[in-house]
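Good morning, colleagues, and thank you for the time. Please look at the sequence and the model together.

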Amino acid sequence: MTDLEPAADNLTTLESHILSEETRHPGATGAFSWILAAMTLSAKIIASKIRRARIEDVLGTLGSKNITGDTQQKLDVIANETLLRALGTRAGVAVLASEENEQPIILQTKVDRPYCVLFDPLDGSSNLDACVSVGTIFSILRHDTQADPIEISILQPGTKQIAAGYMLYGSSCVFVLTTGHGVNLFVLDPAVGAFILVQENLRVPESAKSYSINEAYRADFPAGYQRYLDWVHGQRYSSRYIGTMVADIHRILVQGGVFMYPPTKAHPQGKLRLMYEANPMAMIVEQAGGKAVAGTQRILDIQPTGLHERTPVIMGSAAEVDHVLRHVKAAGAE
Ligand code: AHG
Ligand code: MN
Ligand code: MN
């Protein structure tokens with residue numbers, strides 16, 4: 001390489017990557033960068049809390065339930081408060097909405113607050129006590145200043161997301177982000193406290209013989225999913241299920257495969273929440289070249305009617321999603 005050629009291995013942090021993207025948009029106010037700076041700060045704090053959880057005795061449940069009926073872990077509340085404190089002070093945030101809060105939080109109604117941020121503060125939190133990976137998922141929407149009441153500003157389909165991302169607190173801490181122009185992967189360097197860009201334009205493999213579903217509920221699944229499972233068992237696939245959606249989908253982004261959470265008797269609409277779990281993960285999977293559907297409808301096209309509504313989920317490698325859909329559609333047509 002000569003001095004004049006750009007280095008292929010330039011060191012770039014998430015913050016500098018966003019700043020350089022913003023220079024491409026002449027009207028940008030910097031508000032978006034501030035929001036992402038709040039997300040990276042939150043990620044570092046939450047990652048550190050998780051690493052120290054047993055030492056600080058913040059594992060286990062609180063004895064309370066959140067709005068969607070899940071038992072709250074102490075760290076669910078700590079992660080939620082961290083995000084609310086980090087985002088609540090940022091210029092540019094009009095509305096915040098969390099899995100752990102029944103109602104959206106209105107911060108400002110003025111036009112100079114252009115964004116809504118929705119999040120699942122800790123995904124897979126029942127895995128915490130077992131030292132298994134957990135994550136944070138977020139979705140950013142443009143604030144609808146005409147919305148009346150203001151809370152309904154967030155009720156936009158996933159196609160309207162202007163950014164989505166997740167942090168995975170695993171053997172390393174990763175931050176995966178899309179702003180609608182592909183997917184970038186950053187890893188926290190704990191020695192310097194910065195998220196370093198390690199892969200641009202991440203692509204999900206087109207196919208891979210791997211499926212991810214809580215098969216214990218098989219008898220409760222609609223017939224098409226049961227037939228898919230019969231088919232897949234004859235195809236020499238591997239089964240992988242972490243029980244933390246963000247970790248299961250991260251694995252699929254890197255290695256390929258399909259993740260499913262179908263309707264069950266306990267959860268006729270599926271268990272996963274549309275606005276802060278399915279939509280952001282669907283945007284990332286599609287931006288990486290994969291597919292994300294709820295039964296037969298594209299997840300991103302669903303018009304939400306409530307902050308905490310649920311949706312069935314099938315997402316991952318395009319060819320693997322198609323295999324599931326083939327069986328689901330055939331059973332539906334009978
Ligand atoms: P959360 O911890 O935010 O409530 O989410 C848990 C979700 C998701 O991460 C995971 O895929 C799913 O619950 C696992 O559910 P089952 O135990 O029913 O398989
Ligand atoms: Mn979750
Ligand atoms: Mn959660």
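By a donor I mean an N, O or S atom within 2.8 Å of the metal. Please keep in mind throughout that this is a predicted model.

I begin with the metal site. Which residues supply the protein donors of the manganese ion (ligand 2)? They are Asp120 (OD), Asp123 (OD) and Glu277 (OE), which lie 1.8 to 2.1 Å from the ion. Along the sequence, these donor residues follow the spacing D-x2-D-x153-E. A further manganese ion (ligand 3) is placed 3.7 Å from ligand 2, and Asp120 coordinates both ions. Is Asp120 buried or exposed? Asp120 is buried, its relative accessible area being 0%. Asp123 is likewise buried, at 5%.

Glu277 leads us to the helices, as it is among the residues of H7 that meet H6. Helix H6 spans residues 245-255 and helix H7 residues 274-287; their axes are 11 Å apart, at an angle of about 10°. Because of that angle, H6 is roughly parallel to H7. From H6, the residues in contact are Met245, Val246, Ile249 and Leu253. Facing them in H7 are Glu277, Ala278, Met281, Ile284 and Val285. By class, this contact has eight nonpolar residues, one charged residue and no polar ones.

Finally, the cysteines. How many disulfides does the structure hold? The number is zero. For Cys131, the nearest cysteine sulfur belongs to Cys173 and is 14 Å away. Cys131 counts as exposed, at 74% relative accessibility, whereas Cys116 counts as buried, at 0%.

Terms used. Residues are numbered from 1 along each chain as its sequence is written. Chains are lettered from A and ligands numbered from 1 in the order in which they are written. This is a predicted model: local features need pLDDT of at least 70, side-chain atom pairs count only at pLDDT 80 or more; totals for chains, interfaces and linings use all residues. Side-chain values use heavy atoms; hydrogens and water are left out. Donors are N, O and S atoms within 2.8 Å of the metal (3.2 Å for Na, K and Ca); water is not among the atoms, so sites may look incomplete. Buried means under 20% relative accessible area, exposed over 50%, partly exposed in between (1.4 Å probe, protein chains only). Axes are lines fitted to C-alpha atoms, for helices over the stretch in contact, and angles run from 0 to 180 degrees between N-to-C directions. Helices (H or I, at least four residues) and strands (E, at least two) are DSSP runs, numbered from the N terminus. Angles under 35 degrees count as roughly parallel, over 145 as roughly antiparallel, 65 to 115 as roughly perpendicular and the rest as oblique. Contact means heavy atoms within 4.5 Å. Ala, Val, Leu, Ile, Met, Phe, Trp, Tyr, Cys and Pro count as nonpolar, Asp, Glu, Lys and Arg as charged, and the others, Gly among them, as polar. A disulfide is a pair of cysteine sulfur atoms within 2.5 Å.
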